[in-house]
Amino acid sequence: MNDRIFIEGGHKLKGNVQIQGSKNAALPMMAASLLHRGVSVLKGCPRIADVFCMEEILQNLGAVTWWEDHDLYLDCTKADKTEVPFSFTGRMRSSVILLGALLGRNKKGSLGYPGGCVIGKRPIDMHLLVLESLGARIQEVAGQLSAECERMKGTEFSFPKRSVGATQQGILGAVLAKGETVLENCACEPEISWLCHYLRTMGAQITGDGTGRICVSGVEGLRGGSSWVPPDRIVAGTYICAAAITRSQIVLENPPEGELKAFLEVYRKMGGQYKGNSGKLLVNGKNVQSPVKLLETGVYPGFPTDLQSPVMAVLSTIEGESCIREMVFEDRYKAADQLRKMGARIRVQGNEAVICGVKTLHGAAVQAQELRGGASLILAALGAKGVTVLEGYSFVQRGYEHICQDLNALGAAVKRIQE
Ligand code: UD1
């Protein structure tokens, strides 16, 4: 498989870049489409591996889907199968949010799921708790999660911890339930509001999204949904990091500026400058030179954990000591080992990483092990001296539609290797 790219570092970036649709907004919106037996459309949907995977799952359940440019049509009239095999859930853990939609639609659903992971890292305990609270009976037998219910029933549920996916699960389970549901301690990420916005175009009655308390008034049925997928705040942040690490100036077209506040604050602390102007964001990374004493990730509106490793790449090139504290996921420093191969000085202890910035990184053979860590290696390579060979590019393709083309259009030298 052609899974390698070459990146020649040291080129300045210049020009404009369009921000693709958001992966994390699109996936739950696709799952929500199951709740209507008819056609829904997501406009400006990113054509990325995770979206294709979710599309395949929906097709497997009986949906008919088609694309018109970047508009994804989902005809779920006959999507009446209820089983999502492990071959899919294993590829994309976030497919677990289908369970709430399957229960809402068909009163039963099952997912292939590796037993140990339910309670281990990246658990789904809160997903199951909120569905149980809505009336689902869930069993886990031999790697298979099976859930069934009569019609779901409105409930009051408080999440023990803020979780994006579990909040979405609760909403998807509640929209067709009988009666009112009040969800407390919900996550406030913009992707939750986008899901609710989409569900409202389908006729769902939801209030309070964007706050910790979401109320859903169950309805008897929904109609076809239609919505734009918002621009991807993580992709936008990644491209701002590309400008920062190459000390360049670029313009983002249609950036979700309001959703990037915590990130832009850190970027400003590094010496980055930015200016919003009629729907564009001009970012100037020429003066990026200040270490960041402490960057803590957090739930929205805090600093997004998905931008932690991209920023780590940038901090690796700022002389002085910076510190990152990862507060959302326990094991999110996989990129650090690879960055070290490029000359970065990073010490990881528990959930903290101390970065002693160096003047220049150097090209190396590195391996992407996950999506955002992979993106951070591409960023490091852009700012490094010499050539980097990155293996595992397919991880990056899960979330970035055309990062190589975008960077090349800005003046970078990234090559896909034809094998
Ligand atoms: C989503 C995003 C992911 C992002 C993350 C945090 C999608 C497809 N993915 O993931 O890119 O990094 O939000 O912004 O939108 N947890 C539990 N039990 C649960 C569920 C979660 O303990 O049942 C924990 C997780 O282990 C983690 C924390 O809660 O420590 C937050 O995770 P969560 O917000 O659920 O992340 P995801 O929805 O999986």
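## Helices α4 and α7

Keep in mind that this is a predicted model. Start with helix α4 (residues 98-106) and helix α7 (residues 164-174): their axes sit 8 Å apart, and the two pack at an angle of about 5 degrees. Angles under 35 degrees count as roughly parallel, so α4 is roughly parallel to α7.

Who touches whom here? On the α4 side you'll find Leu 99, Gly 100 and Ala 101, and they meet Gln 169, Leu 172 and Gly 173 in α7. Sort the residues of this α4 and α7 contact by class and you get three nonpolar, three polar and no charged.

## Helices α1 and α2

Next up is helix α1 (residues 23-32) with helix α2 (residues 49-60), whose axes come within 10 Å and cross at roughly 5 degrees. That angle makes α1 roughly parallel to α2.

From α1, the contact uses Lys 23, Ala 26, Leu 27, Met 30 and Ala 31, while α2 brings Asp 50, Val 51, Met 54, Glu 55 and Leu 58. In the contact of α1 with α2, seven residues are nonpolar and three are charged, with no polar ones.

Now for some strands. Strand β16 (residues 273-277) and strand β17 (residues 280-284) run antiparallel, joined by five bridges.

What about the turn? The hairpin of β16 and β17 has two residues between the strands, and Ser 278 takes a positive phi near 35 degrees there.

How values were computed: Residues are numbered from 1 along each chain as its sequence is written. This is a predicted model: local features need pLDDT of at least 70, side-chain atom pairs count only at pLDDT 80 or more; totals for chains, interfaces and linings use all residues. Side-chain values use heavy atoms; hydrogens and water are left out. Axes are lines fitted to C-alpha atoms, for helices over the stretch in contact, and angles run from 0 to 180 degrees between N-to-C directions. Helices (H or I, at least four residues) and strands (E, at least two) are DSSP runs, numbered from the N terminus. Angles under 35 degrees count as roughly parallel, over 145 as roughly antiparallel, 65 to 115 as roughly perpendicular and the rest as oblique. Contact means heavy atoms within 4.5 Å. Ala, Val, Leu, Ile, Met, Phe, Trp, Tyr, Cys and Pro count as nonpolar, Asp, Glu, Lys and Arg as charged, and the others, Gly among them, as polar. Two strands pair if DSSP finds at least two bridges between them.
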